[in-house]
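This report describes a helix and a neighbouring loop residue in a predicted model. The sequence and structure are shown first.

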Amino acid sequence: MLIRPARVDEVWRLPAIERSAAALFRGSSQAAVADGGVSPAEFHRPLAAQGLVWLAEEGPQAIGFASCELFVDALHIWELAVRREAQGLGAGGALVMAAIEDARRRGARAVTLTTFREIPWNAPFYARRGFVEVPEWAFNGRLAWIRTREVKAGLEVSARCAMRLDLAAAP
C-alpha cells in the first residue's frame, strides 16, 4: 500500500471513495449517513493544492484518503474514508499517521477532527491512536464553527464529538 499526497487532478476520485466508505453505516445507529451527501471534489481541490490530501493506493486503485486543513491551532482532518472493500486492511490507520506526520512537519501543535462518538470505526478508532474527546464546553471558535456546519448539514450532533491529538504529548 502506498500513501502519498493526492494531486489536484485526482480529487475527482474522492467522492466515490467516500460514498463507498459510507456504506458501512447501513445497519448502524447512523444509517442515514450511508445515503447522505459526500463532499464534492471542489471541496478537496484547494486542500490538495496545498498538499493536505493524502491518498492510499493499492496497486493502481485509490482505496482511501484523508482530507485535511491547516489552521493556526491545529491540522484538522475533515474526512477520512476507505473504500468498503478495503476496510480493515490498515489504510485508515496509515492515512491518520500520514496526517499526523504532516502536521508535525508543518509545525502544528495538534490534530483535530469531529466524528461519531459510539460508532466503532469512528471515535474508538481515533482513541486507539491517542486522540481524546474535547468536551463541548472547551470548544474553541474553530470547533464551535465546525459544530455549526454539522448542524446545518443535518448530522445528529448529539452523537458526535470533537477529538484532539496533542502532538507535544504524542509519541
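## Helix geometry

Helix α5 comprises 12 residues (141-152), which at 1.5 Å a residue should span 16 Å; the C-alpha atoms at its ends are 17 Å apart, in agreement with that expectation. Viewed down the axis of α5, the buried residues fall within an arc of 140 degrees and therefore line one face of the helix.

## Buried and exposed residues of α5

The buried residues of α5 are Arg142, Leu143, Ile146, Arg147 and Glu150. They pack against four strands, namely β4, β5 (110-116), β6 (132-134) and β7 (160-166). On the other side of the helix, Gly141 and Lys152 are exposed.

## Ends of the helix

At the N-terminal end, α5 is capped by Asn140, a side-chain oxygen of which lies 3.1 Å from the backbone nitrogen of Arg142. Following the helix is Gly154, with a positive phi near 85 degrees.

Asp73 is located in the loop between β3 (61-70) and β4 (75-82). Its relative accessibility is 17%, and because buried means under 20%, Asp73 counts as buried.

The side chain of Asp73 makes a polar contact, at 3.0 Å, with the side chain of Arg142, a buried residue of α5. When neighbours within four places in sequence are set aside, the residues in contact with Asp73 are Arg109, Ala110, Asn140, Arg142 and Arg164.

Technical notes: Residues are numbered from 1 along each chain as its sequence is written. This is a predicted model: local features need pLDDT of at least 70, side-chain atom pairs count only at pLDDT 80 or more; totals for chains, interfaces and linings use all residues. Side-chain values use heavy atoms; hydrogens and water are left out. Helices (H or I, at least four residues) and strands (E, at least two) are DSSP runs, numbered from the N terminus. Buried means under 20% relative accessible area, exposed over 50%, partly exposed in between (1.4 Å probe, protein chains only). A polar contact is a pair of N or O atoms within 3.5 Å; within protein, one must be able to donate a hydrogen and the other to accept it, and residues adjacent in sequence count only if both atoms are side-chain atoms. Contact means heavy atoms within 4.5 Å. The expected span of a helix is 1.5 Å times one less than its number of residues. The arc is that of the directions from the helix axis to the C-beta atoms.
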